[in-house]
Amino acid sequence: MEATTELPQCWKHVQQCLDNGIDRILLYGPPGTGKTYFGLHYGNIDGGSHRLICTEDMTTADLTGMFKPDGGSFCWHYGAGIKAWEGNGIVGGRLVVDEIDKASGDVLGELLALLDSPESASWENPETGRIHRPKAGFSAVMTTNVEDMNDLPIALLDRFPVRIRINTPHPDALAQLSKDLQSHAKNSADAGKRRISLRSWMAFDSLRKGIGAEDAASIIFGERAQSILDALTIEAV
Amino acid sequence: MALAISTEPELLTRDDTESGQWSVGSCDAKRGLPKTNVSTRDMVVPMHDTPKARAIRAHEMMHAKLSPQNNLMDKWIERGIASAPAMVAVEELRVNILCKKLGFDMDAIGDDGDMADGERLVALKDWPALVMTAISYAETGSLKKFLNGVRRHDRYWGKILGDIAKRAVKQMASFNHNELTSTAPIPHSELTPFGFTFTEQIAEWVDRIASMPAPEEKKPEGEGEGSGSGSGDASADSKEGVATHSNKGITPHQTPEQYEAKIKHVKPTTYGSYVTSLPQWTELRIGKTNLDVTVHGSLGKKKIASNAGKNPRRMHRILTDPHQRIFDRKVRGKGGIVIIDASGSMHLSKDEVRAMMESAPGCTIVAYSDLGDGKDNAWILGKDGKIASEFPRMNHGNGVDFPMIEWAVKNRKKSSEAIIWVTDGGVCGKNDHFHDVLAMQCIKFCKANKITVVPNQETAIASLKMMQAGRKPETIWPAMFKQTWRKLMGSSLRK
């Protein structure tokens, strides 16, 4: 999918980085702005894109792979990290790691190894002994909702010199909303305590078509329904 | 306790500024506490779940949506078309009208404090404040209570104020809705938003009404007992307060009917629908001239008798004057500033300009004409007894009539220093079009600052001669100023 309207500044920066050979980008900022979606679908992803969502319980198996039962025996299944390294066999793919701040120490250690410079990065398959290296074209996009970059490990930050705060939803994501809600979704994405995610707006948009705006707002926005509806009325003046 | 309700200013968009995160605080639902600052994105509103709090929230949200950014408000005030209090009052009106139009219950706003405001302002006989308050309360429940307070002491003032508020509402509602709510910047101007031009138009009208003499008491038999208080004190206040309407501005010969008829003729101006027609002045740029010719004498300079000196020139006074002032003493002239409208419509030749300059020895003489090329548009042709022999290129547009007279007032040495403005009244702004609102701005300024206005070279020289003779020259309003005044005020423009 390509951007249909002029990109907001933050997205323009991301696009410029991708267009100019930057293959490690850290996107941070409020949730629901399309950071992951962008990582999975934009730029050169001929080698495919592979997504991981970090949790405290996640293990390195999700990154590199694991043995899984297969017809009475066990065989090796690659994790998202190695799949992204290998890409389509010709060029490397894209590794998209969400909620990077929630990764455990083990995962983070493995991740650092995977994201090392192509000259240093390598991994040995425990089953075959084959040495894997990232293929040319491998790229990585990390996302986090953490606002203060000091909360992330220095080694990880060192691997991501390009760190861009995304404060507004991508125009392509906004385009999926009804026109009258697009500006609201854009403005409320980075409204601090009064933030309303793009997902909430999409749910409201869908629901109001069936049960009317008042009931839809009540279900989606709860206590804020009245003030949000009042704001929508005033905006339409 | 009612549930706390927030407000969502982040959802609002404007064409003149970026959206962003707001700081929202809470307050009681009392007049004076809620506020909105569009520049710093600060809002304080009541967060109670009551109809009144909701109406106040809608009001403040509408300010956030439409009103000028606070840091740009100064630019509107600097224009000098309307006063700051009038613009604030009319902006309240614009916001209230639009909120009501959207279905918000603006009648929920209003409490007994509004009634007390009415009573207090009548007691102070502060007619301008009463007008401003009535305008700002219009289309809310506050107006009814405020007028009740006014009527308790003066039924007639209450009626007049109600009529003024109604007229303001009608006028504001008559504007094109899309333009009234536009937040687009105004082309060829630093001003924004466009919708505020309508506020300024009505505010200029409100200023004129507020500056008129206060209406005279209408006191039919049996009235003045208070219209609702029923208390003996109130009726006593009423009788006492109303009966002593000897406040400033009241013209004793004017009947209430005459006043009502007069005020109905005071009409608002309109800027037109097109953004490019916003009346505004060009920036004043004063150029240099070579003041190479010395003119002897000084306007208003004269010799008077003194009891000390060298040569006794008034010997006859030794017998006739008890103080025996037989000597002469020179008294410095008060000087003056002569402003010459050197635009094409004045058809002034160089000789005519020179004649005026020679008739004004010792005066500061300035001429102006704007070519619209961004270069100098005013020149000092005479100062401190010297005048220029060569004149710059003039006889083009006006552009800076008001900035020029404003400059003269700012630069007069003493408030008593005379200013004579030679103009045909065809004052034009940036786009070189005459506009009533610009002409009215000049008229009001001349009246307020005692500027003598004369329409041509002959009357200017006659006025300067009067000054030389120690007499005060009189204003002879140009025909175009008279027309503007009649059109907007419904009366003759007097000296």
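This tour goes through a hairpin in chain A and then the interface between chain B and chain A.

The model is predicted, so local features need pLDDT of at least 70 and side-chain atom pairs count only at pLDDT 80 or more, while totals for chains, interfaces and linings use all residues. Residues are numbered from 1 along each chain as its sequence is written, chains are lettered from A and ligands numbered from 1 in the order in which they are written, and side-chain values use heavy atoms, with hydrogens and water left out.

Select residues 65–70 and 73–78 of chain A, which are strand 3 and strand 4, joined in the antiparallel sense by six bridges; strands here are DSSP runs of E with at least two residues, helices are runs of H or I with at least four, both numbered from the N terminus, and two strands pair if DSSP finds at least two bridges between them. At the turn, Asp70(A) stands opposite Ser73(A), and Gly71(A), in this hairpin with two residues between the strands, takes a positive phi near 60°.

Next, show both chains: 28 residues of chain B are in contact (heavy atoms within 4.5 Å) with 22 residues of chain A. Now select Arg54(B) and Asp230(A), whose side chains meet in a salt bridge at 2.7 Å, N to O; the term means a side-chain nitrogen of Lys or Arg within 4 Å of a carboxyl oxygen of Asp or Glu, and there are four salt bridges between chain B and chain A.

Finally, colour strand 1 (23–26) and helix 1 (51–66) of chain B, each of which supplies at least two residues of the side that touches chain A; the largest share, seven residues, comes from helix 1 of chain B.
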